[in-house]
Amino acid sequence: MSTSGGVVRRSLLDDLATSMLALIADRRLSSGDQFESVRSLADRFKVAVPTIREALRRLEATGAVELRHGSGVYVGQHIGRLVLANPLAPTPSGDRLVELLQARALIEPPVAALAARLRSDDALERMDGHLAAAEELIASGDHAALAEVNMAFHRSLAQASGNATLAEVVESVTVVNVREQLEILHIHGDRQTDLQEHRAILEAVRAGDAELAERLTREHLDGVLAVIERAAHP
């Protein structure tokens, strides 16, 4: 009986979350816009306030809404996304980290090729900025910030492809278990080599050489994968 009740409750919460997303779309609300109050939503959908709060917390976990204490409900920054990383992903095993890098090595090289074909000045400028920041962080020894900038470079490279869905996929696989990836790379990786390889990828994109951009990105990620594999299976 309790299992059936749990299924019904999950279905209700899913339905409420879907209805609230539809309401946001119907009203053409954008990230940062204020949404209805919790009480108003409870009245609208004829359910209790705690049930609305639970459905909203589900949406908040995806970045679709933001609950601001004492202020209300606002549309979140990920309202338009189709692909999201699991915000509650468990700490991965070494084998799962290897799988994650294998996935990146399959996905990102052709995305880099597309970026070389469709590059924009804004995208190139963003990637230039990431590499300049990386050079400064290598000199300062701030490895945690450097790791995040390196991931940001890969996300900007994907955004340069002009395909929002591919960019979301790449962002999702670069933020999943990022702490574990960075810990391994901090111990075993070569930061200067990473910077040089990122520079070569950027220059291939800037030159519009799709084949070279794809090959360099594949070689770069294969190198990262080799580091992760050695750490996972010493």
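## A walk along the chain

Start by selecting K46: this residue is exposed, with a relative accessible area of 70%. Keep in mind as you look around that the model is predicted. K46 sits in the loop between helix 2 and helix 3 (49–62). Check its backbone while you are there: K46 is not a glycine, yet its phi is positive, at about 60°. For context, most residues other than glycine have a negative phi.

You will find R28 in the loop between helix 1 (2–26) and helix 2 (38–45). R28 also has a positive phi without being a glycine, and here the value is near 55°. Is R28 buried or exposed? Its relative accessibility is 75%, so R28 counts as exposed, the cut-off being over 50%.

Now zoom out and colour by secondary structure. The chain holds 10 helices and two strands. Read from the N terminus, the order of elements is α-α-α-β-β-α-α-α-α-α-α-α.

Select the two strands next. Strand 1 (residues 65–68) and strand 2 (residues 72–75) run antiparallel and are joined by four bridges. Three residues lie between the strands of this hairpin, and G70 has a positive phi near 80°. Show the side chain of R68 and look across to strand 2, where G72 stands opposite R68.

For the next stop, go to helix 9 (residues 191–206) and select H198. With a relative accessibility of 1%, H198 counts as buried, because the limit for that is under 20%. What does H198 touch, leaving aside residues up to four places away in sequence? Show L131, N150, F153, H154 and H220 around H198 to see these contacts.

Of its 234 residues, 38% count as buried. The chain exposes about 12,700 Å², and carbon and sulfur atoms supply 52% of that area. If you draw the contacts with a separation of 6 or more, residues 24 or more positions apart account for 69% of them.

Definitions and conventions
Residues are numbered from 1 along each chain as its sequence is written. Side-chain values use heavy atoms; hydrogens and water are left out. Buried means under 20% relative accessible area, exposed over 50%, partly exposed in between (1.4 Å probe, protein chains only). Contact means heavy atoms within 4.5 Å. Accessible areas come from the Shrake-Rupley method with a 1.4 Å probe; for residues, only the protein chains shown count as cover. Two strands pair if DSSP finds at least two bridges between them.
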